[in-house]
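Thanks for coming, everyone. I'll take you through one structure, a few residues at a time. Please have a look at it first.

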Amino acid sequence: MLENEANPTISKSTGLPRKRFYRARAHSNPLSDSHFPVPISPSHVDFSLHYPQFSSEVSCIKKVQFADIGCGFGGLLISLSTFFPETLMIGMELRDKVAEYVKERILGLRATNPEKNHRRRVISPHLLDEYAHVLEVGGIIYTITDVEELGEWMKACLDNHPMFEALTEQELQADPAVKLLSTATEEGQKVARNGGQTFQAVYRRIALSL
């Protein structure tokens, strides 16, 4: 039997925890309601418990850049992580049940979206720097995928890069290469036959404004 079938707190479809099992009061007294170990100082925190890809000396190697105090169910940090996949973030929450939910949610997301895959993707913040270097001003970068999460990732990376701008809808309609993205490749034809959906992101290389 699969683990999420035996555990009713885990969704069978997503593998993520069900929020209704982790409800807690919005306001609580941390001195009486919580059971968190309180470190003497940040240097006494074992960050490897939160960032298992690093050693216990992570604080000496890489610093936490974002801290969400009173993070609730972690929605802001989860959203930020799609824009800053290489940045360490931490959420702080007093409610035991809510903190446990966020912990289980992060473990579930790590299992379904391994961080190492970000480095292998053909679109990433670092690779866009390389593409911008080799593309002349006005050059076009075309992307398409049938995976929605990946499509959102590529669009977010391009949106946040200072040397790329999205083509307008009128420009997309006039560009014959855009039409070929979903019809000329074997993979695109397979998605079309199966009635699937594709996600495109087409951007132009622009000059860096000073």
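Start with H161. This is a predicted model, by the way. H161 sits in a loop, the one between α8 (148-159) and β4 (164-166). Is H161 buried or exposed? H161 is buried: its relative accessible area is 9%, and the cut-off for buried is under 20%. What does H161 touch, once we set aside neighbours within four places in sequence? Its contacts there are P125, L128, D129 and A132.

Now to the strands. Take β5, residues 199-205. Six of the seven residues in β5 are buried, so call this strand mostly covered. Strand β3, residues 140-145, pairs with β5. The sense is antiparallel, and there are six bridges. For a landmark, find Y142: it stands opposite V202 in β5. Strand β4 pairs with β5 as well. That pairing is also antiparallel, over three bridges. Look for F164 there; its bridge partner in β5 is R205.

Next, charges. Side chains of opposite charge can pair when their charged atoms come close. How many salt bridges does the structure hold? Four.

R204 forms a salt bridge with E165, at 2.9 Å from N to O. R204 is in strand β5 and E165 is in strand β4, so this pair ties together parts that lie 39 residues apart in sequence. How covered are the two partners? R204 is buried, with a relative accessible area of 19%. E165 counts as partly exposed, at 36% relative accessibility.

R204 has another partner, E171. In this salt bridge the closest N and O atoms are 2.6 Å apart. E171 lies in helix α9, residues 169-174, and R204 in strand β5, so parts 33 residues apart in sequence are tied together. E171 is partly exposed, at 29% relative accessibility.

Another salt bridge is between R95 and E93. Here the closest N and O atoms are 2.8 Å apart. Both R95 and E93 are buried.

On to the rings. A pair of aromatic rings is described by the distance of the centres and the angle of the planes. This structure holds one aromatic pair. The partners are F73 and Y101, 5.1 Å centre to centre. Their planes are at 80°, which makes the pair edge-to-face.

Last stop: V64. V64 lies in strand β1, residues 64-69. V64 is partly exposed, with a relative accessible area of 31%. Which residues does V64 contact, leaving aside its neighbours within four places in sequence? They are F47, Y51, L88, M89 and I90. Pick out M89 from that list. V64 and M89 are 25 residues apart along the chain, and their C-alpha atoms are separated by 5.5 Å.

That's the tour. Over to you.

Note on methods: Residues numbered from 1 in each chain as written. Predicted model: local features only at pLDDT ≥ 70, side-chain atom pairs only at ≥ 80, totals over all residues. Heavy atoms only, no water. Helix = DSSP H or I, 4+ residues; strand = E, 2+ residues; numbered from the N terminus. Buried < 20%, exposed > 50% of the residue type's maximum accessible area, 1.4 Å probe, protein only. Contact = heavy atoms within 4.5 Å. Pairing = 2+ DSSP bridges. Phe/Tyr/Trp six-rings, centres within 6.5 Å; stacked < 30°, edge-to-face > 60°. Salt bridge = Lys/Arg side-chain N within 4 Å of Asp/Glu carboxyl O.
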